[in-house]
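Dear colleague,

Please find the structure below for your records. My notes on its contacts follow directly after it.

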Amino acid sequence: MKNRLFSEIFSGAEKMADHSKNEAAAYALKLLSLRSHSRFELAGKMLRKGYRKELVEEVLDYLVQKQLIDDEAFAKELIGSRSRRKPVGKRKMQFDLIRKGVPENIADALLKEYDGAELCYRAGVRKAAALKGRDESERKKKLEVFLRNRGFDWPVIKETITRLFQTGPECEND
């Protein structure tokens, strides 16, 4: 009788653990259905939700095995998205990737091909268009501050400003 009761309790505990595991996996999949996440981001969100660390690691290992979490693919997607929407300098992009939990070696490898000069120019063109109607020195100063805040390096900023003010109709006086 005692062994039977123990096995029923143990069996119930296993079902409870499976339920928690399924619940944790469902939560992770819900997050992934909204947008891509790095393993680090998912772990943080799951821990804040109250799941045990061991359970979180087990679920994340399973999702990595099933190729539902891939830090390199996540980083590529983030770089592409940011490059289109809100271009930033290489160092700022690297900082953002590492802050989101992308391993440094993956971030470094992906950013070797990062064209900061072209992205700086594209961001500069957009900002310059918004600065029409101001005098040239004010536009240059505001453009420089804007591009610095986006994390671009000074040589690239200088090249962009020179290029825009020599040829860009965006910066011509009205």
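In these notes a residue is called buried under 20% relative accessible area, exposed over 50% and partly exposed in between, computed with a 1.4 Å probe on protein chains only. By that rule Lys100 and Glu41 are both buried. This is a predicted model, in which local features need pLDDT of at least 70 and side-chain atom pairs count only at pLDDT 80 or more, whereas totals for chains, interfaces and linings use all residues. Residues are numbered from 1 along each chain as its sequence is written, and side-chain values use heavy atoms, with hydrogens and water left out.

Salt bridges

A salt bridge here is a side-chain nitrogen of Lys or Arg within 4 Å of a carboxyl oxygen of Asp or Glu. The count comes to 13 salt bridges. One of them joins the side chains of Lys100 and Glu41, at 3.3 Å from N to O. Because Lys100 lies in the loop between H5 and H6 and Glu41 in helix H2, this pair ties together parts that are 59 residues apart in sequence. Helices are DSSP runs of H or I with at least four residues, numbered from the N terminus. Arg35 joins Glu41 and Lys100 in a network of salt bridges.

A further bridge links Glu58 and Lys21, at 2.7 Å from N to O. Glu58 belongs to helix H3 and Lys21 to helix H1, so parts 37 residues apart in sequence are tied together. Glu58 is partly exposed, with a relative accessible area of 39%, and Lys21 is partly exposed as well, at 30%. Glu54 and Arg52 also form a salt bridge (3.8 Å, N to O); both of these residues are exposed.

Aromatic rings

Rings of Phe, Tyr and Trp (its six-membered ring) are taken as a pair if their centres lie within 6.5 Å; planes under 30 degrees apart count as stacked, over 60 as edge-to-face and the rest as tilted. The structure holds one aromatic pair. Tyr27 and Tyr51 form this tilted pair, with 6.0 Å centre to centre and 40° between the planes. Tyr27 lies in helix H1 (residues 2-34) and Tyr51 in the loop between helix H2 (39-49) and helix H3 (53-65), so the pair ties together parts that are 24 residues apart in sequence. Both Tyr27 and Tyr51 are buried.

A charge sits over a ring if NZ of Lys or CZ of Arg is within 6 Å of the ring centre and within 35 degrees of the ring normal. Arg163 places its charged end over the ring of Tyr121, 3.5 Å from the centre.

With kind regards

Terms used
Helix = DSSP H or I, 4+ residues; strand = E, 2+ residues; numbered from the N terminus.
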